[in-house]
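Visitor: Could you take me through this model, with the cut-offs behind each term?

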Amino acid sequence: MKRADHGMLLARSEQYYTGKFAEHGATAAGVDWNGVESQELRFEQLLRVATREGVLSILDYGCGYGALAAYLLRSGRELRYLGFDVSRPMIDHAREEYRGVPGVAFTADESELEEREYAVASGVFNVKLDAADDVWAAFVGSTVAELARLGAAGFAFNMLTSYSDTDKMRKDLYYGDPVAYFRLCKSEHARYVALLHDYGLWEFTILARHDGAP
């Protein structure tokens, strides 16, 4: 995908999510989720990729206001966490909320992204607005490649599934083929890939590991 096209899609996503945040604040609705329960269920699936013990080194790509950081901090585990989001109001909120918390940092600047053991992305591929499916799919593919690059041990992401009920699908949302994204990750990005499609939401999660850790 051309850099200009990538930037345009990110800019439109920034406007959309900043609007949601302005309307709903630091809540699940502020990042366009239905509620905390499903939001944290997604976190649970994504974090299954993080099999290494000790300090959890993780990049949260599309971190919003920092909900995953809060979820991880409640576990008491030592973190090396970097949250990235294109919405500067969300990042400003997260920086203030977690000011002084050891091992937790946030950025809205792609040039400041750093490799972590794991890179995860929750919900960043769902809202395409009026972008054509092929254009959005190219954006998804380039972003998945970036996650693979930034996650030294592995990466994970979720996406609405093309197996959703047809009458409930929306034109402004993107529904990915889970088998196609499994194949993409397996053939191009990681040796060990798992597809989760059994946790009660109309979506799937891909877990990909470079080192084969169980």
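This is a predicted model: local features need pLDDT of at least 70, side-chain atom pairs count only at pLDDT 80 or more; totals for chains, interfaces and linings use all residues.

**Rings, sheet and core**

Guide: A search of the whole structure finds 10 aromatic pairs, where rings of Phe, Tyr and Trp (its six-membered ring) pair if their centres lie within 6.5 Å, with planes under 30 degrees apart counted as stacked, over 60 as edge-to-face and the rest as tilted. Residues are numbered from 1 along each chain as its sequence is written, and side-chain values use heavy atoms, with hydrogens and water left out.

Visitor: How many residues apart are Tyr61 and Phe84?
Guide: Helices (H or I, at least four residues) and strands (E, at least two) are DSSP runs numbered from the N terminus. On that basis Tyr61 belongs to strand E1 (residues 56–61) and Phe84 to strand E2 (residues 79–84), so that the pair links distant parts of the chain, 23 residues apart.

Visitor: Are Tyr61 and Phe84 buried or exposed?
Guide: Buried means under 20% relative accessible area and exposed over 50%, with partly exposed in between (1.4 Å probe, protein chains only). By this criterion both Tyr61 and Phe84 are buried.

Visitor: Which helix holds both Trp136 and Phe139?
Guide: Trp136 and Phe139 form a tilted aromatic pair, 4.7 Å centre to centre with 40 degrees between the planes, and Trp136 is buried, as is Phe139. They are 3 residues apart, about one turn of the helix, and both lie in helix H5 (residues 133–150).

Visitor: In what order do the 7 strands form the open sheet?
Guide: Two strands pair if DSSP finds at least two bridges between them. The pairing in this open sheet is mixed, and the 7 strands follow the order E3-E2-E1-E4-E5-E7-E6.

Visitor: Which strands stand at the edges?
Guide: An edge strand here has a single partner strand, so one side of it is left without a neighbour in the sheet. E6 is joined to strand E7 (residues 203–209) by 5 bridges, and the two run antiparallel. The strands at the edges are E3 and strand E6 (192–196).

Visitor: At about what angle does H5 run to E5?
Guide: Axes are lines fitted to C-alpha atoms, for helices over the stretch in contact, and angles run from 0 to 180 degrees between N-to-C directions, while contact means heavy atoms within 4.5 Å. H5 lies across E1, E4 and strand E5 (151–160), and its angle to E5 is about 150 degrees.

Visitor: Which residues does Val140 touch, not counting residues up to four places away in sequence?
Guide: Val140 lies in helix H5 and is buried, with a relative accessible area of 0%. With those sequence neighbours left out, Val140 touches Phe125, Met159, Tyr174 and Tyr181.

Visitor: How many disulfides does the structure hold?
Guide: A disulfide is a pair of cysteine sulfur atoms within 2.5 Å. Cys63 counts as buried at 6% relative accessibility, and Cys185 counts as buried at 0%. The number of disulfides in the structure is 0.
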